[in-house]
Amino acid sequence: MAFVNLKDLKANIGGQLRLTLNSSGVYEEKEWQGKKFNTFKYEVIQDGTLSTLDATDSLKRKLDLISTGDDFLLSWEQFTTDEGQLRNYWKVEKVSKDSANPVFENIKKSVNEFDEKLKADKAVKEAVQTTNATYTNGARFGMIFNNVVKLFIENGQSWTTDEFVNNFKRVEGWVEACENPSTIPAASKPSEPVQINDDDLPF
């Protein structure tokens with residue numbers, strides 16, 4: 001039988017795991033590092049699968065407040081005492097059968113945001129790669145692309161695909177201007193040194 005990994009849940013403070021209580025707790029005495037302690041083994045349903053949940057006294061007290069067949073959200077919470085010390089506790093929140101089904105809701109949110117960022121990054125790369133055939137010098141393209149990626153990261157990875165492509169063309173224009181200074185209009189060539197802010201530099 002599968003088991004509920006409370007260690008992972010504790011590592012993600014505030015993350016919620018949805019379960020259905022399927023039995024009363026069965027007392028067991030266990031020993032770890034020479035010390036004996038009480039546990040209570042429960043059967044719970046997680047994502048349609050029957051699993052085992054080993055509860056200590058503190059978690060058992062919370063589970064005693066709900067009934068067999070109840071759905072509940074289990075989370076490991078944190079608070080600060082009046083003395084400024086951090087303390088943790090188990091939170092058991094009964095929910096209705098027809099409510100949403102959050103499984104590690106906070107964790108999933110972070111994972112989903114990361115997945116969306118990866119998809120966006122992939123879309124950006126694909127959009128830029130479509131122009132790769134126009135460059136006969138692969139090193140030149142790579143140099144431009146790598147520096148645009150640096151700018152992308154420095155700007156919090158918040159560009160849209162169009163913004164990335166536009167900034168790619170902008171950096172490319174700078175490179176071309178440096179490669180062909182004779183094509184720059186005379187009026188745009190400064191006769192005296194000009195101070196350039198770091199934010200305006202492409203590299």
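**View 1. The whole chain, to get your bearings.** This is a predicted model, so local features need pLDDT of at least 70 and side-chain atom pairs count only at pLDDT 80 or more, while totals for chains, interfaces and linings use all residues. Residues are numbered from 1 along each chain as its sequence is written, and side-chain values use heavy atoms, with hydrogens and water left out. The protein chain has five helices and seven strands; here helices (H or I, at least four residues) and strands (E, at least two) are DSSP runs, numbered from the N terminus. Follow the sequence along and you get the pattern β-α-β-β-β-β-α-β-β-α-α-α. Of its 203 residues, 30% count as buried, where buried means under 20% relative accessible area, exposed over 50% and partly exposed in between (1.4 Å probe, protein chains only). The accessible surface of the chain comes to about 13,800 Å², and 51% of that belongs to carbon and sulfur atoms; such areas come from the Shrake-Rupley method with a 1.4 Å probe, and for residues only the protein chains shown count as cover. Now take the contacts between residues at least 6 apart in sequence: 55% of them join residues at least 24 apart. A contact means heavy atoms within 4.5 Å.

**View 2. Two lysines over aromatic rings.** A charge sits over a ring if NZ of Lys or CZ of Arg is within 6 Å of the ring centre and within 35 degrees of the ring normal. Lysine 60 lies over the face of phenylalanine 40, with 5.0 Å to the ring centre. Lysine 60 also has a salt bridge with aspartate 64 (2.7 Å, N to O); that term stands for a side-chain nitrogen of Lys or Arg within 4 Å of a carboxyl oxygen of Asp or Glu. Both partners count as partly exposed, lysine 60 at 21% relative accessibility and aspartate 64 at 46%.

**View 3. Strands side by side around S4.** Strands S3 (residues 26-32) and S4 run antiparallel, joined by seven bridges; two strands pair if DSSP finds at least two bridges between them. Look for valine 26, which stands opposite lysine 41 in S4. The hairpin of S3 and S4 has two residues between the strands, and there glutamine 33 takes a positive phi near 55°. S4 also pairs with strand S5 (residues 49-55), again in the antiparallel sense and over seven bridges. Isoleucine 45 stands opposite leucine 50 in S5. S4 and S5 make a hairpin too, with two residues between them, and aspartate 47 in the turn has a positive phi of about 55°. Strand S2 (residues 17-21) pairs with S4 (residues 35-46) in the antiparallel sense over two bridges, and leucine 21 has valine 44 as its bridge partner in S4.

View 4. The whole structure holds five salt bridges. In one of them, lysine 30 meets aspartate 54 (3.2 Å, N to O). That pair links distant parts of the chain, with lysine 30 in strand S3 and aspartate 54 in strand S5, 24 residues apart. Lysine 41 meets aspartate 54 as well (3.0 Å, N to O). Here the link runs from lysine 41 in strand S4 to aspartate 54 in strand S5, 13 residues apart. Put together, Lys30, Lys41 and Asp54 are linked in a network of salt bridges. How covered up are they? Lysine 30 is partly exposed at 29%, aspartate 54 is partly exposed at 30%, and lysine 41 is partly exposed at 27%.

View 5. The structure holds seven aromatic pairs. Rings of Phe, Tyr and Trp (its six-membered ring) pair if their centres lie within 6.5 Å; planes under 30 degrees apart count as stacked, over 60 as edge-to-face and the rest as tilted. Phenylalanine 145 and phenylalanine 164 have ring centres 5.9 Å apart and planes at 50°, so this pair is tilted. Phenylalanine 145 lies in helix H4 (residues 138-154) and phenylalanine 164 in helix H5 (residues 161-179), so the pair ties together parts that are 19 residues apart in sequence. Phenylalanine 145 is buried, at 14% relative accessible area, and phenylalanine 164 is buried too, at 2%. Phe145 and Phe164 form one aromatic cluster with Phe152 and Trp159.
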